[in-house]
Amino acid sequence: MVLEAPIVAADVVQWLYSDASHLNDTLEIVSELAERLRRGNVPVDRATTGIWVVHPNVRAEASIWASDGTRELRLYTSDNSSEEDYHSSPIKRVHETSAAVRVRIEKEPSIAVEFPVTVELRDEGYTDYIALPLPFSDGSVKVATFATKTPGGFASSHISVFESLVRPLALVCELKTLKRTAETVLETYVGPRAGSRVLDGTTRRGEGEWIKAVVSFADIRGFTRMSNTLPADKVILFLNKYFGAMTAAVEAHGGEVLKFIGDEVMAIFPYETDDEARDAAKRALLAARETLQRIETINSARTCAATPDMSVGIALHAGDVFYGNVGSETRLDFTVVGPVVNLAARIAELAKDLERQVLVSDALSDIMGCRSGLYGRYQVKGFDDPVSVYSPDLTGDPRFGYCPENTAERALEAN
């Protein structure tokens, strides 16, 4: 191995500087790296990277490869258990000292018991472990670890290979982390559809496209009065619970939340064909139903006595909308505009005035092939003709839509 080590190190370093950057993420990089080391007779049975990430809910992520077939991207939040694991780990020591931490599990059992992770590895048959600093260009230090089950542990030549590859590994991991950060920030603030277009460089101010979509508007009942009387921190808590319930329901059914407007949530369910239109309409209705269920669960839990029960109104409309970015030269926003969006917003106001939880338009009823639940025709601001709205029954089997007269027929078809 003494003669092979420089050759193995040179091969791996060359790969890291060239082809590794074309892989999708750090998990793929770590997995391929470990396989290459094993092919070069470096007895790696476990390899990981630990990297802090910019994410609203995730504090760090670990890419984990093991010779038993394990391939895992593990996410760490800011909960207490994650904090405890970190503070009792060799990774924390690497962060504090910017120096490698080696634990000869087999040869130095008294040192191995200092860290829970090496105790676990010992029980799984590992004999040696090393954590090395990955220096990023911003001065921060991330961590890579390697462990083996080989009797006697790593040889000094193996350690030399690890030390030679950490800088190029840090470079390629930093590139992937920066890309991941950009994707996360864009998806969080403008949504996945718009985010991907920004990263692809296909958007310019005022550009967009006409798409077909079911548009959903939802707002909180009595929010203005509540926000005028409650402390600001309680209002934020209330809004986060409401927005969380609405967003989770929309995303669970394939929709995309485009924006939060005060106490309103605007979401879309795009489609192209007639079949996709019916599917999008069904998913939008299911999202509305799930939103109401989630809000009822929050109300029942009564986790915050300072805020009142939530009550929401949801409007659904469908048709052609212009999807693009608008704004100034220094500040842009992605949105949908057009008469369909305007009418969806008016129907949401109507739902509030009529004290209905869900109202849908003529267009959505046409798509679903159902005009059950006609609630009336009303004049709305900005439109010359009265608007027909329907109050669907969302209590039935979601496989059959919300049309009572069609339920038996569709049940027979399903059977």
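**Salt bridges**

I looked up the salt bridges and counted 17 of them, taking as a salt bridge a side-chain nitrogen of Lys or Arg within 4 Å of a carboxyl oxygen of Asp or Glu. The model is predicted, so local features need pLDDT of at least 70 and side-chain atom pairs count only at pLDDT 80 or more, while totals for chains, interfaces and linings use all residues. Residues are numbered from 1 along each chain as its sequence is written, and side-chain values use heavy atoms, with hydrogens and water left out.

I began with E72 and R74, which form a salt bridge whose closest N and O atoms are 3.1 Å apart. E72 is partly exposed at 30% relative accessible area, and R74 is partly exposed at 32%.

Next I took D123 and R122, whose side chains meet in a salt bridge at 3.3 Å, N to O. Here D123 is exposed, with a relative accessible area of 57%, whereas R122 is partly exposed at 36%.

Where do E349 and R346 lie? Both are in helix α12 (residues 339-354), three residues apart, about one turn of the helix. I noted that helices (H or I, at least four residues) and strands (E, at least two) are DSSP runs, numbered from the N terminus. An α-helix has 3.6 residues a turn, so residues three or four places apart point the same way. The side chains of E349 and R346 meet in a salt bridge of 3.0 Å, N to O. E349 is partly exposed at 36% relative accessibility, and R346 is partly exposed at 23%.

I also found a network of salt bridges that links D11, E32, R36 and R39.

**Aromatic pairs**

I then turned to the rings. A pair of aromatic rings is described by the distance of the centres and the angle of the planes. The rule takes rings of Phe, Tyr and Trp (its six-membered ring) as paired if their centres lie within 6.5 Å; planes under 30 degrees apart are stacked, over 60 edge-to-face, and the rest tilted. By this rule I counted five aromatic pairs. One of them is W210 with F322, an edge-to-face pair at 5.4 Å centre to centre, with 65° between the planes. W210 lies in strand β7 (residues 208-220) and F322 in strand β10 (residues 312-327), so the pair ties together parts that are 112 residues apart in sequence. W210 is exposed at 55% relative accessible area, while F322 is partly exposed at 24%.

I also noted a cluster of F146, F154 and F162, linked by ring pairs.

**Surface patches**

Which residues form the negative surface patch? They are D68, E84, D85, E120 and E124. Patches are made of residues with over 30% relative accessible area and no salt bridge; like charges are joined within 9 Å, and nonpolar side chains (Val, Leu, Ile, Met, Phe, Trp, Tyr) within 5 Å. Lys and Arg count as positive, Asp and Glu as negative, and His and the chain ends are not counted. The place of a charge is NZ of Lys, CZ of Arg, CG of Asp or CD of Glu.

Accessible areas come from the Shrake-Rupley method with a 1.4 Å probe, and for residues only the protein chains shown count as cover. Y17 is in helix α1 (residues 4-17) and is exposed at 53% relative accessible area.

**Helix α4 and positive phi**

I listed the buried residues of helix α4 (residues 90-97): P90, K92 and V94. Just after α4 comes S98, with a positive phi of about 55°. S98 lies in the loop between α4 and β4 (101-103), and at 43% relative accessibility S98 is partly exposed.

N41 is in the loop between α2 (26-39) and β1 (46-52), and at 48% relative accessibility N41 is partly exposed.

Definitions and conventions
Buried means under 20% relative accessible area, exposed over 50%, partly exposed in between (1.4 Å probe, protein chains only).
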